[in-house]
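Hi,

Here is the structure I promised to pass on. Have a look at it first, and then read my notes below.

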Amino acid sequence: MEREFYTISVYVDKNENLIGIPCGESEKFGIADIDTVLLLKAPYSAKQTENFIEKVFNACYTKKHNDENPVSTIERYTKKSGFVNATADLTLISLVKTEKNYSIMPTFNDWEKGPLCIDDDERIILNPYKEGEMYEHIHDIIMVYVKANAFYKEIAEVEEKKKKQ
């Protein structure tokens, strides 16, 4: 490993597609997302998922963050204005890779602030990890934070409709 750590953002949409955005150097922020987006369409296997995650990590530091552009990579990808808007229908999984381990951090989508890390549910796995291990954590996060979240959103929509009637 050339660097002390690598960090990526993996967004999951309602269809379980994975949108990977690697980091790079930034004069303004130190490290920030770069103008590279990789996509893994569902359905996918454990091996495809883990290959995708490593491909996104390998894209880190391949270019610098575009400090001149105030619009984030995910905003440009979703074509929605504002980070909170761009991430409203997505679930972010933040991943960090060091020489010794990986940190996999799910987020909760706050409707005013956007994705907020859930520190209590951080998952740490050794680097290198066992085949299928990374996938198990990603899949579990999708089941808990994407699938369950969609269920709660539907309930909220039904409740809102009842209030209006």
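First, the ground rules. This is a predicted model, in which local features need pLDDT of at least 70 and side-chain atom pairs count only at pLDDT 80 or more, while totals for chains, interfaces and linings use all residues. Residues are numbered from 1 along each chain as its sequence is written, and side-chain values use heavy atoms, with hydrogens and water left out.

The overall picture: the chain has four helices and eight strands, where helices (H or I, at least four residues) and strands (E, at least two) are DSSP runs numbered from the N terminus. Along the sequence they come in the order β-β-β-β-α-α-α-β-β-β-β-α. The radius of gyration is 16 Å, close to the 15 Å that the globule rule gives for 165 residues, so the chain is as compact as a globular protein of that length. (That radius is taken over C-alpha atoms, and the rule is 2.2 Å times the number of residues to the power 0.38.) The C-alpha atoms fill a box of roughly 60 × 40 × 30 Å along the principal axes. Of the 165 residues, 42% count as buried, meaning under 20% relative accessible area with a 1.4 Å probe and protein chains only; exposed is over 50%, and partly exposed is in between. Among contacts (heavy atoms within 4.5 Å) with a separation of 6 or more, 59% are between residues 24 or more positions apart.

Now to β5, residues 91–98. Six of its eight residues are buried, so β5 is largely enclosed by the rest of the structure. Strands count as paired if DSSP finds at least two bridges between them. β5 runs antiparallel to β1, with eight bridges joining the two; Phe-5, for instance, has Thr-98 of β5 as its bridge partner. A hairpin of two residues links β5 to β6.

Thr-91 belongs to β5 and is buried, with a relative accessible area of 9%. Leaving aside residues up to four places away in sequence, Thr-91 touches Val-10, Tyr-11, Val-12, Thr-107, Tyr-145 and Val-146.

Gly-20 sits in β2 (residues 18–26) and is buried too, at a relative accessible area of 0%. The C-alpha atoms of Gly-20 and Ile-74 are 9.6 Å apart, although 54 residues separate the two along the chain.

Finally, how much space lies in the largest pocket? About 400 Å³. A pocket here is an open set of points on a 1 Å grid over the protein atoms alone, where a 1.4 Å probe fits and protein lies on both sides within 12 Å along at least five of seven lines; lining residues have an atom within 4 Å of a point. The volume is the space filled by probe spheres set on the points, which are joined across faces, edges and corners. There are 23 lining residues, and the closest to the centre are Ser-9, Ile-31, Ala-32, Asp-33 and Phe-83. β1, β3, β5 and β7 each give two or more residues to the lining, and the largest share, four residues, comes from β1. By type, the lining has 13 nonpolar, seven polar and three charged residues. (Nonpolar covers Ala, Val, Leu, Ile, Met, Phe, Trp, Tyr, Cys and Pro, charged covers Asp, Glu, Lys and Arg, and the others, Gly among them, are polar.)

Over to you!
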